[in-house]
Amino acid sequence: MANDLFRKTTISDLKFTAEKRSGLSKELGAFDLTMLGIGAIIGTGIFVLTGTGALTAGPALTISFIIAGLACFFAALSYAEFASTVPISGSVYTYTYVTMGELLAFIIGWDLVLEYLLAVSAVSVGWSGYFQSLLSGVGINLPTALTAAPGAVEGTTTIFNLPAFIIVMLITTLLSIGVRESKRVNNVMVVIKVTVVLIFIAVAVFYVKPANWQPFTPFGFDGVFAAAALVFFAFIGFDAVASAAEETRNPKRDLPRGIIFSLMICTLLYVVVSAIMTGVVPFAQFSQAIDHPVSLVLQLSGQNWVAGIVDLGAILGMTTVMLVMLYGQTRVMFAMSRDGLMPKFFSKVSMKTHTPYLATWFFGIVAALLGGLMRLDELAKLVNIGTLSAFILVSIAVIILRKKQPDLPRAFRCPAVPLIPGLAILFCGFLIFQLGSETIIRFVIWLAIGMVVYFGYSRKRSHLNK
């Protein structure tokens, strides 16, 4: 039984399967992948979680972003090596299957379901907040019962977050049409939202008051580390770039570039924006606008005309995050289904659109319902622990593959192995323990459900079992 649990597939078998049974079209280059990464990263983190992070760390939120960014950067180098070596759909699930065996591959695939699916739902909640802010600016107010999840707003009876549900369903429709169309929409929206962030920086920097940065660490380094674990959510998404391997024209060259370039650009923007925000507004005031803190900064600066632009940019920005994360979710499930670990219909590809349309609609509907019924803070913490676990496993996998197959051709090599992957493991492990015992318990329950699925369904139906 132990041999069954840790049986491994080979890189050559994966490549053969991808060539013969993919059905996906190769539409993406380095620029598209970088835009895909930026599209996934810049969204809820910069437009929503900066306010919550400031309330946790104070002006030292900039340090929190740097800590979270370093954890991601170390993991990104490991991702880049695997993406160039094993250019197959499935991201870290596929990498783990090659290095550590089927059981751990299934666990991380199940973990990625939690990461990507709940990320879409969490961002839809943030999107809804900005969308409602934009509507109220023109005198339109939705019925209170349809503005948030049950119990999300104290003293108010809410039933369902209708805007969150609708936006996910629209994105699901776009993804089901095709990758080429989704790529074009994503690229346009990424350009717009980065422009909006730059406009915010250019306008708000003149209203910074250095006195607002004092005290710099009002909650000590405990607050800095807690905020780092929270705003880590702002960086998730670059790993979804690796899921696009089978739809990339030159994956060995372009995947590492897309992963690293997008992460570096976004980290720089996060640090600058968080420094300006806490310099303009005393951090305690962010409690007044927890779901649209960037707008608050501009309103208090008397720049209401820019606040409207930022609301629009936030809406577009979070739309691309949902698009990329739902895309990544369907491609991971596509890979697991193709390997026999999940039902076959998840890997069924439309001959017309060349997309796994059944998986797209299934996860789109589930994510939309979760966004309508769950609160943002509950979703964000579960997404973070799922992502951190994935980063730890991919870092371990790089070390193992270097030892077992040192001569394997690698278009990109992670520097200083095992030091860099080791640092990724330490940083990510540390951030996991900042999330609290309740989140860890929920994560363990999710993994336990996964074990029931694996031993009850997947192990016997695995193609390696046959």
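Where is the place of P418? In this predicted model, P418 sits in the loop between α15 (376-404) and α16.

The phi of A416 is near 55°, which is a positive value in a residue other than glycine. With a relative accessible area of 45%, A416 is partly exposed.

P215 lies in the loop between α9 (179-204) and α10 (220-231).

## Packing of helices

Two packed helices are described by the angle between their axes and the distance between the axes.

Helix α16 (residues 419-432) packs with helix α5 (residues 61-85); their axes come within 8 Å and cross at roughly 140°. An angle over 145 degrees would count as roughly antiparallel, and α5 and α16 are therefore oblique to each other. The crossing of this pair is left-handed. On the α5 side, the contact is made by I67, L70, A71, F74, A75, L77 and S78. These residues meet I420, P421, L423, A424, F427, C428 and L431 of α16. By class, the residues in the contact of α5 with α16 comprise 13 nonpolar, 1 polar and no charged.

Helix α8 (residues 162-177) packs against helix α13 (residues 304-338) at an angle of about 55°, and the two axes are 10 Å apart. That angle makes α8 oblique to α13. The crossing of α8 and α13 is right-handed. From α8, the contact involves I167, V168, I171, T172, L174 and L175. From α13, the residues are T319, M322, L323, L326 and Y327. The contact of α8 with α13 divides into 9 nonpolar, 2 polar and no charged residues.

L170 also belongs to helix α8. L170 is exposed, with a relative accessible area of 55%. From L170 to F233 there are 63 residues in sequence, and the C-alpha to C-alpha separation in space is 23 Å.

Helix α13 also packs with helix α7 (residues 102-137): the axes come within 8 Å and cross at roughly 160°. Because angles over 145 degrees count as roughly antiparallel, α7 and α13 are roughly antiparallel to each other. The crossing of α7 and α13 is left-handed. The contact of α7 with α13 holds 23 nonpolar, 8 polar and 2 charged residues.

Is S262 buried or exposed? S262 is buried, with a relative accessible area of 0%. This serine lies in helix α11 (residues 251-280). A polar atom of the S262 side chain is 3.1 Å from the backbone oxygen of I259. When neighbours within four places in sequence are left aside, S262 is in contact with T34, G37, I38, I41, F238 and R257.

S274 lies in helix α11 too. The relative accessible area of S274 is 0%, and the residue is buried. Not counting residues up to four places away in sequence, S274 touches L61, T62 and F65.

## Helix α6 and the residue that follows

How many residues of helix α6 (residues 92-99) are buried? The helix is mostly covered, with 8 of its 8 residues buried. These residues are V92, Y93, T94, Y95, T96, Y97, V98 and T99. Just after α6, G101 adopts a positive phi of about 100°.

Definitions and conventions: Residues numbered from 1 in each chain as written. Predicted model: local features only at pLDDT ≥ 70, side-chain atom pairs only at ≥ 80, totals over all residues. Heavy atoms only, no water. Axes fitted to C-alpha atoms, helices over the stretch in contact; angles between N-to-C directions. Helix = DSSP H or I, 4+ residues; strand = E, 2+ residues; numbered from the N terminus. Parallel < 35°, antiparallel > 145°, perpendicular 65-115°, else oblique. Left-handed = near helix turned anticlockwise from the far one by under 90°. Contact = heavy atoms within 4.5 Å. Nonpolar A, V, L, I, M, F, W, Y, C, P; charged D, E, K, R; others polar. Buried < 20%, exposed > 50% of the residue type's maximum accessible area, 1.4 Å probe, protein only. Polar contact = N/O pair within 3.5 Å; in protein donor to acceptor, adjacent residues only side chain to side chain.
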